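Work through the exercises below with the model open. Each task is followed by a stepwise solution.

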Amino acid sequence: TWAEIIWWTERRAVVAQSYIMQIWIAGQAGSPGIFGTGANGTAEQMEDMIRGLPDLSTNLFPAAFALRMVAGLTLATYVVTRVGVRVPGVAVGSFEEFRFSEHLGWPVVVALGIALLVETSAWRIPAINILTLAGVLYGLRGAAITWFYWNRRSGSRILVDTIAVLAILFLWRIAIPAIIMLGLIDTSLDLRKRMLQPKASK
């Protein structure tokens, strides 16, 4: 039943929380500076985040389960086709061609409206799960577009690749939303098709 699934999710999250808290306490006792106790409020924010893990894991369990299922089926199909077994349906393509139906945008609009306007948790939690799932899918689509462009650009690769990796590592708070927005824009503009179009000669 759903109640048993919720109990199992909360139990697993509480166990993970206890392990993280033990590591946190040990780190505080051994090297406080590493965990940021020198900055005002940093330690308290970290502890609040750790304590909120069980509720977060429980509320986002449907989205996490759906993503694991999609990833598992994709991996299984890829492995089976690699060993020479024919699988009915559409074959798994390359990552740079990753896309999905634009009709997914309508549930996202409805879920966004519910998340912003409705305060009842019975409606907000499903809406947040839909937004989480859609955010990951649109992020993958944006990453696929970036990879598509990366494989077709000309010029020096080593310097640009190094700068891009460093930017993603240190500016991930900006890079992740930008990649998601790129995936959203692609639903209406089909950026990869535009990249393949020959440039008009002057």
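**Exercise 1.** Determine which residues of α8 are exposed and which are buried.

Solution. Exposed means over 50% relative accessible area, buried under 20%, and partly exposed in between (1.4 Å probe, protein chains only). The buried residues are A175, G183 and D186. Seen down the axis of α8, these fall within an arc of 80 degrees, so they line one face of the helix; the arc is that of the directions from the helix axis to the C-beta atoms.

This is a predicted model, in which local features need pLDDT of at least 70, side-chain atom pairs count only at pLDDT 80 or more, and totals for chains, interfaces and linings use all residues. Residues are numbered from 1 along each chain as its sequence is written, and side-chain values use heavy atoms, with hydrogens and water left out. Helices (H or I, at least four residues) are DSSP runs, numbered from the N terminus.

**Exercise 2.** Find the residue with a positive phi just after α8 and describe its setting.

Solution. The residue is D190, with a phi of about 50 degrees. D190 is not a glycine. Most residues other than glycine have a negative phi. D190 lies in the loop between α8 and α9 (191–196). Its relative accessibility is 27%, so D190 counts as partly exposed.

**Exercise 3.** List the residues through which α4 and α6 meet.

Solution. From α4 come F61, P62, A63, A66 and L67; from α6 come N129, T132, L133 and V136. Contact means heavy atoms within 4.5 Å.

Terms used
Helix = DSSP H or I, 4+ residues; strand = E, 2+ residues; numbered from the N terminus.
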